[in-house]
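User: Here is a model I would like to go through with you. I will ask what lies behind the terms used for it.

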Amino acid sequence: MFISPSRGHVTMEDMVLDLHQYVREEPASPYKIVIGTDSHTTRRTTTLVTALIIHRIGRGARFFYSKTSSRPLFDLRTRIYKETELSLALVDLLNRKGMDDLLAEWPLEIHIDIGQQGETKALIQEICGWVTSVGYETRIKPESFGASSVADRFAE
């Protein structure tokens with residue numbers, strides 16, 4: 001299940017239909033598809049939120065997110081790898097569920113919650129290398145709003 005701020009809980013199929021409808025409203029507009037995951041860890045659990053954003057460039061956006069929980073992931077490297085894995089898994093799922101046409105037509109960016117500042121700096125080369133090796137563009141902070149803003153907002 002996914003959550004839409006405007007539509008509530010929706011199935012994967014309904015989300016895909018909604019995304020297609022959004023593009024049909026203004027088919028001549030340029031779009032960008034963004035997927036990003038962020039996490040929040042407490043003593044008892046790690047909450048992971050994956051966001052899917054379709055950005056009608058210069059004219060708004062629509063987004064959905066899914067939320068899962070796991071045992072606590074205290075190790076930063078493990079958490080970042082899990083976040084990246086969930087983002088890439090969503091792309092694969094979308095390709096199988098009828099979004100392959102939109103994913104092929106519009107740029108797709110995987111947003112990773114890492115950056116040049118802080119502990120995550122050491123992970124940039126390997127995480128970005130992983131994402132680009134499977135064929136997707138990657139963005140890190142401060143350009144990774146899909147993970148560091150949208151997903152982060154719902155991760156707590």
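User: Which residues make the contact between α2 and α4?

Analyst: In this predicted model, Arg77, Ile80, Tyr81, Thr84, Glu85 and Leu88 of α2 meet Glu126, Ile127, Trp130 and Val131 of α4. Contact means heavy atoms within 4.5 Å. By class, six of the residues are nonpolar, one is polar and three are charged. Ala, Val, Leu, Ile, Met, Phe, Trp, Tyr, Cys and Pro count as nonpolar, Asp, Glu, Lys and Arg as charged, and the others, Gly among them, as polar.

User: Why are α2 and α4 called roughly parallel?

Analyst: Helix α2 (residues 76-96) and helix α4 (residues 124-133) pack at about 15 degrees, with axes 11 Å apart. Angles under 35 degrees count as roughly parallel, over 145 as roughly antiparallel, 65 to 115 as roughly perpendicular and the rest as oblique. The pair is therefore roughly parallel. Axes are lines fitted to C-alpha atoms, for helices over the stretch in contact, and angles run from 0 to 180 degrees between N-to-C directions. Helices (H or I, at least four residues) and strands (E, at least two) are DSSP runs, numbered from the N terminus.

User: Why does Asp18 count as buried?

Analyst: Buried means under 20% relative accessible area, exposed over 50%, partly exposed in between (1.4 Å probe, protein chains only). Asp18 has 12% relative accessibility, so it counts as buried. Asp18 lies in helix α1 (residues 12-25) and touches Arg7, Arg62 and Phe64, leaving aside residues up to four places away in sequence.

User: What makes Ser144 buried?

Analyst: Its relative accessibility is 0%, so Ser144 counts as buried. Ser144 sits in the loop between β7 (137-139) and α5 (145-154). Beyond four places in sequence, its contacts are His111, Ile112, Asp113, Arg139 and Ser149.

User: How many residues does the largest nonpolar core have, and which have the most contacts inside it?

Analyst: That core has 34 residues, and Met15, Ile33 and Leu94 have the most contacts inside it. A nonpolar core is a set of buried Ala, Val, Leu, Ile, Met, Phe, Trp, Tyr and Cys residues joined through side-chain atoms within 4.5 Å. Helix α1 gives the most to this core, with six residues. A second, separate core of nine residues includes Val49, Ala51, Val150 and Ala151.

User: What are the conventions behind these values?

Analyst: Residues are numbered from 1 along each chain as its sequence is written, and side-chain values use heavy atoms, with hydrogens and water left out. Because the model is predicted, local features need pLDDT of at least 70 and side-chain atom pairs count only at pLDDT 80 or more, while totals for chains, interfaces and linings use all residues.
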